[in-house]
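Here's a quick briefing for anyone opening this structure for the first time.

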Amino acid sequence: MAQDKNIKDNILDFEKEMKEIEIVEKEKKVFTKSKKENRVQYRRITIGAIFCLFAVIGLISVFSSAFKTGRKILNNDAEKEEYNKLLRPLVLYDPLPFETPDQANKDLLRYSSLWAAVMNEDMSTYETDEYGQALLPAADVDKYLAKIFGSQVKIEHGTFTDPDEVEFKFDEEKKVYAIPTTSFPVGCTPKVEKIKTSFSNKTVTVGYLPPQKSWNDTSTGSVSKYVDYIFEKQDGKYCLVAIRESEMKVETSTNSSSSQSTEIK
């Protein structure tokens with residue numbers, strides 16, 4: 001009997017051990033499965049984060065590119081407007097081409113620089129003569145001459161008459177020009193079409209618009225021709241050194257019709 005009891009106890013102990021082993025195996029499987037799921041989930045999160053990072057980088061690149069493009073366009077428009085303003089006193093007189101400032105008409109240098117000063121300075125701040133004419137200092141004319149053509153170009157000051165037969169009297173003692181109150185140069189106005197920049201040169205292609213009736217006239221018309229204004233970098237800034245006929249031409253459309261005659265016999 002005692003032997004049977006021992007056998008029975010051993011069987012129970014064995015069954016108990018087997019159950020414990022089974023429980024441990026189940027827990028091990030659950031732990032392994034959980035660990036594997038966690039690894040898969042971590043991998044998914046990592047991949048998702050990488051894709052999100054690339055997406056953010058892509059968006060930043062797109063916005064950055066768009067911003068740079070927009071800024072370039074805005075800057076180009078601003079630069080065009082600057083050259084419109086700078087070249088207006090020259091385009092007014094439709095100057096002949098030249099390859100160096102020395103070849104330019106000396107009178108052109110004088111009255112374009114004078115009108116540049118008149119157009120850009122506040123004339124109400126200047127002293128006037130007995131006729132109410134503003135007295136423009138020759139130094140201001142020289143300032144705009146240098147702004148357009150560079151500091152190496154010089155002119156002789158004195159009384160002169162522009163192509164519109166307006167006389168500008170020069171006071172040798174005071175070194176000032178008397179600016180007629182009723183005068184306004186009648187000529188073409190510039191419309192800068194494009195600006196091509198190289199290492200040390202700029203080619204500014206200008207369209208010539210019809211004459212305006214006053215400085216405040218904003219009306220526009222068709223471009224009559226294109227002219228290239230060549231600027232060269234001198235002392236850190238671009239100065240006008242040449243005027244050339246442009247390769248850019250005004251588009252013209254001509255309609256032609258032909259007629260044929262037939263003989264009826």
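**A first look around**

With 49% relative accessibility, Ser-224 falls between the 20% and 50% cut-offs, so Ser-224 counts as partly exposed. Keep in mind that this is a predicted model. Below, we start with the surroundings of Ser-224, then move on to Asn-84, the aromatic pairs and two lysines sitting over rings, Lys-202 and Lys-225.

**Around Ser-224**

- You'll find Ser-224 in the loop that runs between strand 7 (201–209) and strand 8.
- Setting aside neighbours within four places in sequence, Ser-224 makes contact with Tyr-208 and Val-250.
- Pro-210 is 14 residues away from Ser-224 in sequence, and their C-alpha atoms are 7.5 Å apart in space.

**Lysines over rings**

- Tyr-208, one of the contacts of Ser-224, also has the charged end of Lys-225 over its ring, 5.1 Å from the centre.
- Lys-202 does something along those lines with Tyr-238: Lys-202 lies over the ring's face, at 4.7 Å from the ring centre.

**Around Asn-84**

- Asn-84 belongs to helix 1.
- Is Asn-84 buried or exposed? Its relative accessibility is 16%, which is under 20%, so Asn-84 counts as buried.
- Not counting residues up to four places away in sequence, Asn-84 touches Pro-190, Lys-191 and Val-192.

**Aromatic pairs**

- How many aromatic pairs turn up in a search of the whole structure? The answer is seven.
- One of them joins Tyr-83 and Phe-231 edge-to-face, with 5.0 Å from centre to centre and 65° between the planes.
- Tyr-83 sits in helix 1 (residues 2–91) while Phe-231 sits in strand 8 (residues 226–234), so this pair ties together parts that are 148 residues apart in sequence.
- Tyr-83 and Phe-231 are both buried.
- Tyr-111 and Phe-160 make a tilted pair, at 6.3 Å centre to centre and with 35° between the planes.
- Here Tyr-111 comes from helix 2 (residues 106–120) and Phe-160 from strand 2 (residues 160–161), so the pair ties together parts 49 residues apart in sequence.
- Tyr-111 is buried, and Phe-160 is buried too.

**The ring cluster**

- Which residues do ring pairs link into a cluster? They are Tyr-93, Tyr-111, Trp-115, Phe-160, Phe-168, Phe-170 and Tyr-177.
- That means the tilted pair of Tyr-111 and Phe-160 has both of its members in the cluster.

Conventions
Residues are numbered from 1 along each chain as its sequence is written. This is a predicted model: local features need pLDDT of at least 70, side-chain atom pairs count only at pLDDT 80 or more; totals for chains, interfaces and linings use all residues. Side-chain values use heavy atoms; hydrogens and water are left out. Rings of Phe, Tyr and Trp (its six-membered ring) pair if their centres lie within 6.5 Å; planes under 30 degrees apart count as stacked, over 60 as edge-to-face and the rest as tilted. Helices (H or I, at least four residues) and strands (E, at least two) are DSSP runs, numbered from the N terminus. Buried means under 20% relative accessible area, exposed over 50%, partly exposed in between (1.4 Å probe, protein chains only). A charge sits over a ring if NZ of Lys or CZ of Arg is within 6 Å of the ring centre and within 35 degrees of the ring normal. Contact means heavy atoms within 4.5 Å.
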